Amino acid sequence: MSASLQAKIAEVFEEPGCDINQSKSAKERKKGCTKQLTPGAAAGGCAFDGAKIALQPIVDVAHLVHGPIACEGNSWDNRHSASSGPQTYRTGFTTDINEFDVIYGGEKRLFKAIREIIEQRDPPAVFVYQTCVTAMIGDDIEAVCKRATEKFGKPVIPVNAPGFAGPKNLGNKLGAEALLDHVIGTLEPEFTTPYDINIIGEYNLSGELWQIKPLLDALGIRILSCISGDGRYRDVAAAHRARANMMVCSKSMINIATRMQQRWGIPYFEGSFYGIADMSLTLREIARLLIAQGAPAELAERTEALIAAEEARAWERIRAYRERLSGQKVLLITGGVKSWSVVSALQEAGLAVVGTSVKKSTKEDKEKIKQIMGLNSDDGADAHMIDDMTPREMYAMLREARADIMLSGGRSQFVALKARMPWMDINQERHHAFAGYEGMVTMIAEIDKALFNPMWAEVRKLAPWEMEPPDAAYRIHPPRGLAQPAWGGPAPAAEAAIARVEA
């Protein structure tokens, strides 16, 4: 690991916004707020993967992976981050290094790839991602990017986050560090207003940002930049002129919010777009921060009027669903901000959350979960915070009907399907937007579809050979050529037929 990468990781580990670091001395902070994994233990995603998925939603930038083609294939277009315009981010660019490059170095190949991208695509910037192989052979991507910037007159940004550096969450922060070092603050916006905000840690999954933007537009609030969903390079570069920052997921890009507060005095808060109450709370907090930064005080009144209208409309639309879903038990296997924000939304729909995972949650996230789920009171006796649930434990919980539906990412869906229980995707691979008041209605409608799909009644039926007594039709009309077996096993003729087929 290069000295510059080690220094950057140490800087990320000393992050003042990290809940683990807040109670430590200056010396103890250097031990880290993100635990590095041992080799072979990064099954949940490596640092490169984390950096790529955090920055790839900047849609007009060319994202060039310097490494074997498999690294690009692993992370390309895997989050359903939508764009309202440019589609450059959806083209996979890679140097596709080979054995010859491993022996002699891949820096010349990287420089040629940058030149080819600029000549053919002319993007406003090129992001270059370091990978394990090119880091281990010593390719200096920072030097190549600096030379390419001087040669071609375009920003070429090094993202030094090779996979072996640590887990995906560390990669999120290293990608954020690349923005802080090379992008944010390098350009000025065409104009500014007292209503400018940045949204940090929002990736516009399935167009969720577009369900929030109309609400802000109605209040006259401008999203100066979204880091990074549906983002534009120039907007991110001018993000330092915003009046306030909203942090959507503190587990991924908290360092951007804290460093912008230190460098430019921009206050921030962590909020949620999921659920009716949390969406309203977020709008109020945005208005409060903007007013504190100089926006007119009447913004608060307009915010309350918008909230009253939107809440009434949303509650009316989910009223029928609440009657059907009341008392249904949900197992929530996700992480980060969704570990508490989605819980609140589910409870508003009348659902009972019997467990939520906290493996990727911060200390603040866990405190919010305890408050929302009532874990410090008798009301929350049947609810649990799950640090790490194995597939076997998930299966047992579903089979024993301790939960009626599981909400999780795609990697856990087969556990629910094997248990013949409803499942719905709540993570980044989903095809539906759940943010905002409109997203709340969509989420409840999708849960209703999953729970009451008639398919589940069919797949839970016993097979004919599992029934007691045997099916009457089978008893009256046995298969031709087979003697009627005693129930509990096939007839000798059937065993012989099966043996012939297998042979």
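Ala82 is buried, with a relative accessible area of 17%, where buried means under 20% relative accessible area, exposed over 50%, and partly exposed in between (1.4 Å probe, protein chains only). The model is a predicted one, in which local features need pLDDT of at least 70 and side-chain atom pairs count only at pLDDT 80 or more, while totals for chains, interfaces and linings use all residues. Residues are numbered from 1 along each chain as its sequence is written, and side-chain values use heavy atoms, with hydrogens and water left out.

Ala82 belongs to the loop between α4 (69-75) and β2 (93-94), helices (H or I, at least four residues) and strands (E, at least two) being DSSP runs numbered from the N terminus. Leaving aside neighbours within four places in sequence, Ala82 is in contact with Tyr89, Asn204, Gly207, Trp210 and Asp230, contact meaning heavy atoms within 4.5 Å. Asn204 lies in the loop between β5 (196-202) and α10 and is itself buried, with a relative accessible area of 0%; its phi is near 55°, a positive value in a residue other than glycine.

A positive phi of about 50° is also found in Asp96, which is not a glycine. This residue lies in the loop between β2 and α5 (99-104) and, at 33% relative accessibility, counts as partly exposed. In strand β6, where Ser228 is found, a cis peptide bond with omega of about 15° joins Ile227 and Ser228.

Helix α8 (residues 141-152) has 12 residues and reaches 16 Å from its first C-alpha to its last, close to the 16 Å expected at 1.5 Å a residue, the expected span being 1.5 Å times one less than the number of residues. Within α8, Ile141, Val144, Cys145 and Ala148 are buried. They cover an arc of only 95° around the axis, which puts them on the same side of α8; the arc is that of the directions from the helix axis to the C-beta atoms. The face of α8 turned away from the buried side carries the exposed residues Lys146 and Glu150, whereas the buried residues are covered by elements including β1 (62-66), α6 (107-121), β3 (126-130) and β4 (156-159). Just after α8, Gly153 takes a positive phi of about 70°.
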